[in-house]
Amino acid sequence: MKLMTNKEKLRGKISVPGDKSMSHRSIMFGALAEGKTVIKHFLRADDCLSTIAAFRKLGVKIEDNGSEIIVHGKGVGGLKAPSAGLDIGNSGTTIRLMMGILAGRPFDSVLFGDASIAKRPMNRVMLPLREMGARLEGRDGTEFAPIAITGGANLRAIEYTMPVASAQVKSAIIFAALQAEGETVIHEKEKTRDHTEHMIRQFGGEIDLDGLTIKVRGGQTFKGQEMTVPGDVSSAAFFIVAASILPGSEIELSHVGLNPTRTGIFDVLEEMGGKVEVRDASRSTGKLAGNLLVRSSELKGITIGGEIIPRLIDELPIIALLATQAEGVTVIKDAAELKVKETNRIDAVASELNKMGADITPTDDGMVIRGKTPLHGAKVTSYGDHRIGMMLQIAALLVSDGEVELEQAEAVSVSYPAFFEDLASLLS
């Protein structure tokens with residue numbers, strides 16, 4: 001696919017799609033609750049549609065009338081044995097959280113996905129779930145999908161210290177803990193996105209949060225809710241960076257989620273000299289959201305690492321592009337988790353942006369980016385990773401020398417089917 005290149009500025013206002021993490025979990029909690037759940041501003045992207053498909057195969061009626069998703073919850077005990085394996089496509093969130101949900105069910109199930117999912121590590125979920133008594137097995141005795149789950153396990157509460165900062169692992173344990181005997185205690189290494197914890201309370205459950213310690217009691221029930229999913233910060237990040245690096249730009253992004261566990265990119269931008277203003281912040285959705293006004297700015301290199309990394313792990317590819325247009329050196333560290341995303345994002349970012357003229361050196365846990373560098377045309381690939389694909393389109397806007405051709409551009413639909421159209425609307 002030929003990408004849009006040589007653009008002067010962005011102007012206008014758009015509404016980014018619903019938060020992907022919350023869209024997944026709204027279906028999950030809606031299915032596990034009793035009664036009807038109505039979801040507005042749901043992200044109709046491939047990953048989230050995989051979650052819907054999986055629960056339909058588990059016997060949950062889910063309707064889409066165009067403006068709302070309606071989940072007819074059956075309660076945790078109402079899930080039915082699937083007649084075939086559950087295909088979760090490219091969705092790491094779906095497979096890992098479903099492992100926790102299915103670990104305590106009285107039937108057998110198999111979770112599988114695409115070639116990317118088959119390479120992603122699952123021991124980080126399977127090991128704590130096995131401590132709880134779950135019976136899970138990866139392909140040929142490995143930790144990789146397909147994952148077979150043997151039903152009928154009587155789960156028990158555990159006390160578990162997270163070896164890695166991962167909201168997916170934490171959430172899988174929480175879903176299992178809700179089916180376990182007793183109270184499970186989870187100690188986080190660093191604070192990670194907390195959508196699961198908030199939704200437990202939103203759907204009428206109880207969870208105790210004390211700093212980095214989480215306590216959740218088994219045997220809880222949930223009630224169906226009405227909810228509006230705020231815009232996804234990760235999707236907004238591509239436009240935030242584009243407007244920051246294209247001179248003369250000014251855009252507004254409406255109804256973007258502002259959960260503090262997700263807004264690390266705002267802190268990075270502020271330190272680099274960026275201009276992002278939050279307007280009309282409210283809690284009308286049950287979670288903090290607001291409009292963002294973004295203007296172009298002169299940026300400087302910084303060091304990004306430590307406890308902020310879990311708050312912007314998905315935004316690091318586009319932050320790396322931002323750094324190529326900042327004066328001086330930017331260092332990203334403590335981000336080895338990038339290696340086990342849809343692709344190895346450290347290597348992918350460095351390889352593809354360097355093809356376009358960037359000066360990026362990959363490291364074991366991040367990268368060193370030397371700016372400010374002009375970018376030129378090249379043939380690049382997303383590696384089947386939606387965030388790499390969108391990052392490369394934003395990079396292409398800076399190119400005035402040659403064309404940029406993107407292979408596997410279709411990967412963008414995993415999280416943002418209308419990305420190219422929305423970007424074009426801000427360039428017209």
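Asp-140 is found in the loop between β7 and β8, strands being DSSP runs of E with at least two residues and helices runs of H or I with at least four, both numbered from the N terminus. The model is predicted, and local features need pLDDT of at least 70, side-chain atom pairs count only at pLDDT 80 or more, and totals for chains, interfaces and linings use all residues. Residues are numbered from 1 along each chain as its sequence is written, and side-chain values use heavy atoms, with hydrogens and water left out.

Asp-140 is not a glycine, yet its phi is positive, at about 50°. With a relative accessible area of 74%, Asp-140 is exposed; exposed means over 50% relative accessible area, buried under 20% and partly exposed in between, for a 1.4 Å probe and protein chains only. Pro-146 also has its place in the loop between β7 (135-137) and β8 (147-150), and a cis peptide bond with omega of about 5° joins Ala-145 to Pro-146.

Related features occur elsewhere in the chain. A cis peptide bond joins Gly-371 and Lys-372, again with omega of about 5°, and Lys-372 lies in the loop between β20 (366-371) and β21 (378-381). Asn-6, a residue other than glycine, has a positive phi near 55° and belongs to the segment before β1 (11-15). For context, most residues other than glycine have a negative phi, and most peptide bonds are trans.

Aromatic rings were examined next. A search of the whole structure finds eight aromatic pairs, where rings of Phe, Tyr and Trp (its six-membered ring) pair if their centres lie within 6.5 Å, and planes under 30 degrees apart count as stacked, over 60 as edge-to-face and the rest as tilted. In one of these, the ring centres of Phe-239 and Phe-419 are 5.7 Å apart and the planes stand at 45°, so the pair is tilted. The pair links distant parts of the chain, as Phe-239 is in helix α7 (residues 233-245) and Phe-419 is in helix α12 (residues 419-427), 180 residues apart. Phe-239 has 0% relative accessibility and therefore counts as buried; Phe-419, also at 0%, is buried as well. The rings of Phe-419 and Phe-420 have centres 5.3 Å apart and planes at 65°, so this pair is edge-to-face. Both Phe-419 and Phe-420 are buried. One aromatic cluster is formed by Phe-238, Phe-239, Tyr-416, Phe-419 and Phe-420.

A further arrangement concerns two helices. The axes of helix α9 (residues 316-324) and helix α11 (residues 386-396) come within 9 Å and cross at roughly 20°; axes are lines fitted to C-alpha atoms, for helices over the stretch in contact, and angles run from 0 to 180 degrees between N-to-C directions. This angle makes α9 roughly parallel to α11 (under 35 degrees is roughly parallel, over 145 roughly antiparallel, 65 to 115 roughly perpendicular and the rest oblique). The contact, meaning heavy atoms within 4.5 Å, is made by Pro-317, Ile-318 and Leu-321 of α9 and by Ile-388, Met-391, Ile-394 and Ala-395 of α11. Helix α9 is mostly covered, with nine of its nine residues buried; among them are Leu-316, Ile-319 and Thr-324.
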